[in-house]
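Student: I would like a close look at a single part of this model. Please take it slowly and keep to one place before moving on.

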Amino acid sequence: MTKPAGLSSIDLRSTPFDLSQTLGCGQVFHWRTHGAGWLGTVGDEPLYAEQRGARLFVPAGCELLARRYFALYHPLEEFGATFPEDEAMRAARDFCCGLRIIRQPPWECLATFITSALKQVAHIAQISHTLRERFGRRVVWNDVPLYTYPAPERLAALSESELRACRLGFRAKNLLGAAKMVASGEMDLMRVAALPDAEALVELCRLPGVGPKVANCALLFGFERPRAFPIDVWIERVLRRIYFQRKRKVTARRLREFSASYFGPFGGYAQQYLFHHARMTQKRGGS
DNA sequence: CTCCAGGTTCCGG
DNA sequence: CCGGAACATGGA
């Protein structure tokens, strides 16, 4: 096995990892394929990553950054063993082998999901790239320009119309309001990170445009809360079809209570597997 | 053209 | 607490 020039290798033989599924499953939106690998940013750092079987290649010196960002220390087999033993869950778990919940920086994760409301994954990615290119910091990897996600202070200084120009629609007001609260210190994300799940959820919901779904996405993808279980339209369809036999009159509250207990301590992982599996196999509204 | 997208908020039963 | 409606934009 040849080694790409300038890159060093991370041994994946002890743990399953699927880079493409991990970056393409809808938990993060700014990574793009580049040659045989992927190019994106981790906070303020550019990162190139390329997988060849049980090896992950990253630039020399980026090994620890990559291990941490991709959560290569998560024991996926142990997580999977805690999932409920039903047919839908088993199929999703098998389908998503090696898919990891990565560790995104809290602000860019939270902000991105504020802009995700009623948008398709492709649109969320487009909005993210526009915000980055216009207001983020430019970093370069091998002459390829990349852009970091704009800090809350940067977005807070913009006008709503400048954000609307990024095709944010009604989400512009929410992103601006949230950025102002974080920039002013009225919302302290470091403090949120220290709160128990339930309290962190309530705290995040103080932000405009943040309800239970967005807050749970932020907790799961940005605050390392593997139990957080976001319920979006896809997951709601799965829950109603598989676990409630298409019954009518199942309230949103009932779905939340069920998923919070049924899927266990790593319910967020289970959720992402069900989400990705459904999206890849059912297209839209399929039975 | 119509429908829907990783929702939140507000409003009337 | 619950169901509906409004909210912007673009792809299917």
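Student: In which sense do strand S4 (residues 45-52) and S5 pair, and over how many bridges?

Tutor: This is a predicted model. In it, S4 and S5 pair in the antiparallel sense, over three bridges. One pair to look for is Arg52, which stands opposite Arg55 in S5. The two strands form a hairpin, with two residues between them. Gly53 sits in that turn and has a positive phi of about 60°.

S5 also pairs with strand S1 (residues 7-11), again in the antiparallel sense, here over five bridges. Within this pairing, Leu7 has Pro59 of S5 as its bridge partner.

Now consider how far S5 is covered. Buried here means under 20% relative accessible area. Four of the five residues of S5 (residues 55-59) are buried, so the strand is largely enclosed by the rest of the structure. As background, side chains in a regular strand alternate between the two faces of the sheet.

Asp143 has a phi of about 70° and lies in the loop between strand S6 (138-141) and strand S7 (144-147). Asp143 counts as exposed because its relative accessibility is 73%. Glu224 has a phi of about 55° and lies in the loop between helix H12 (212-222) and helix H13 (233-243). At 39% relative accessibility, Glu224 counts as partly exposed.

Terms used. Residues numbered from 1 in each chain as written. Chains lettered and ligands numbered in written order. Predicted model: local features only at pLDDT ≥ 70, side-chain atom pairs only at ≥ 80, totals over all residues. Heavy atoms only, no water. Buried < 20%, exposed > 50% of the residue type's maximum accessible area, 1.4 Å probe, protein only. Pairing = 2+ DSSP bridges.
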